[in-house]
Amino acid sequence: MEIQLHDKRFVPYISAAELDWAIGRMAKQVATDLNGEIPVFIGVLNGSFMVVSDFMKHYKRPCEVTFVKMASYDGMQTTNEVKQLIGLNQDLAGRTVVVIEDIVDTGNTVEELHTLFADKNLKQLKFATLFLKPEAYKKDIKIDYIGIEIEDKFIVGFGLDYDGLGRNLPEVYQLK
C-alpha cells in the first residue's frame, strides 16, 4: 500500500517484524559484548525515539538511557551541518556509552557525536544504528552495531520523517 506525505509517494520497504528482529539482534549483541557493565544508552532525537524504545524492550540487563537532539536534515536533503539542539547534562566519565541512531548515512552526526564525547573521559564509546547506508557512509568512525544495511535511498517511518511526517509509521517506506 502506497502512502503520501506532503508531495511525495512512498512504497512499503521494511516490515515491522523485520525491524523488531533487527533491533532484538542488536540488543542481544550489545548485552553479550558489555557483559556485566551498566551502559548509558544515548538516543539521538528526533529519529531514534522508536528505535530506542524497542531496543530497551529487548535489552534485559541494567542500563541507563538518555537523549541528545541533533539536526542535520532539511526536507529530504542533508545540510552537511550538524546542530546540537539539546545536549547532555550528566557526568559520563568512566562509563561505557552506546549511541543509538535510527540511520547513519553521511556520518556527519556520528562524527559530531564522536567529537562531543572526545573529552568526556569515557571508558568506551560505541555506535549502534538500525539502518546503515554503506554507499553513503565515508567516515572512519566504526559503527559497532548495525541492524540493517540499506541502499542509499530516502526512507520514512519508524521514527524517520519527511518534513515532519511519517515518524509514527510502524514500518519503513521508501520513496517511490
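This is a predicted model: local features need pLDDT of at least 70, side-chain atom pairs count only at pLDDT 80 or more; totals for chains, interfaces and linings use all residues.

Trainee: Why is F154 called buried?

Mentor: Its relative accessible area is 13%. Buried means under 20%. So F154 counts as buried.

Trainee: What makes F10 and F154 an aromatic pair, and why is the pair called tilted?

Mentor: The ring centres of F10 and F154 lie 6.3 Å apart. The limit for a pair is 6.5 Å, so they qualify. The planes of F10 and F154 make an angle of 45°. Stacked needs under 30 degrees and edge-to-face needs over 60, so tilted is what remains.

Trainee: What does the pair of F10 and F154 tie together?

Mentor: F10 sits in strand β2, residues 8–14. F154 sits in the loop between β8 (145–149) and β9. The pair therefore ties together parts that are 144 residues apart in sequence. F10 is buried as well, at 0% relative accessibility. F10 and F154 also form one aromatic cluster with Y162.

Trainee: Why is the pair of F55 and Y59 called stacked?

Mentor: The planes of F55 and Y59 are 15° apart. Stacked means under 30 degrees, so the label holds. The centre-to-centre distance of F55 and Y59 is 5.9 Å.

Trainee: Are F55 and Y59 buried or exposed?

Mentor: F55 has a relative accessible area of 0%, so F55 is buried. Y59 has 5%, so Y59 is buried too.

Trainee: How many aromatic pairs does a search of the whole structure find?

Mentor: Six.

Trainee: Which peptide bond is cis, and where does it lie?

Mentor: The bond from L45 to N46 is cis, with omega near 5°. N46 lies in the loop between β3 (40–45) and α2 (49–58).

Trainee: How do you know that the span of α1 is close to the expected one?

Mentor: Helix α1, residues 16–33, has 18 residues. At 1.5 Å a residue, 26 Å is expected from first C-alpha to last. The helix reaches 26 Å.

Trainee: Which residues of α1 are buried, and what covers them?

Mentor: The buried residues are L19, A22, I23, G24, M26, A27, V30 and A31. Their cover includes β2, β3, α2, β7, β8 and β10.

Trainee: What makes up the largest nonpolar core?

Mentor: It has 28 residues. L19, F55, L130, F131 and F158 have the most contacts inside it. The elements α1, α2, β6 (96–104), β7 and β8 each supply at least two residues. Helix α1 gives the most, with seven. A second, separate core has 19 residues, including V44, L92, L116 and Y137.

Trainee: How do you know that the chain agrees with a compact globule?

Mentor: With 176 residues, a compact globule would have a radius of gyration near 16 Å. The chain has 16 Å, so the two agree. Along its principal axes the C-alpha trace spans about 45 × 35 × 25 Å.

Trainee: What share of the residues counts as buried?

Mentor: Of the 176 residues, 47%.

Trainee: And the overall secondary structure?

Mentor: The chain has three helices and ten strands. From the N terminus, the order is β-β-α-β-α-β-β-β-α-β-β-β-β.

Trainee: Last one. Why is D140 called exposed?

Mentor: D140 has a relative accessible area of 82%. The cut-off is over 50%, so D140 is exposed. D140 lies in the loop between β7 and β8. Its C-alpha is 22 Å from that of Q29, 111 residues apart along the chain.

Notes
Residues are numbered from 1 along each chain as its sequence is written. Side-chain values use heavy atoms; hydrogens and water are left out. Helices (H or I, at least four residues) and strands (E, at least two) are DSSP runs, numbered from the N terminus. Buried means under 20% relative accessible area, exposed over 50%, partly exposed in between (1.4 Å probe, protein chains only). The expected span of a helix is 1.5 Å times one less than its number of residues. Contact means heavy atoms within 4.5 Å. A nonpolar core is a set of buried Ala, Val, Leu, Ile, Met, Phe, Trp, Tyr and Cys residues joined through side-chain atoms within 4.5 Å. The radius of gyration is taken over C-alpha atoms; the globule rule is 2.2 Å times the number of residues to the power 0.38.
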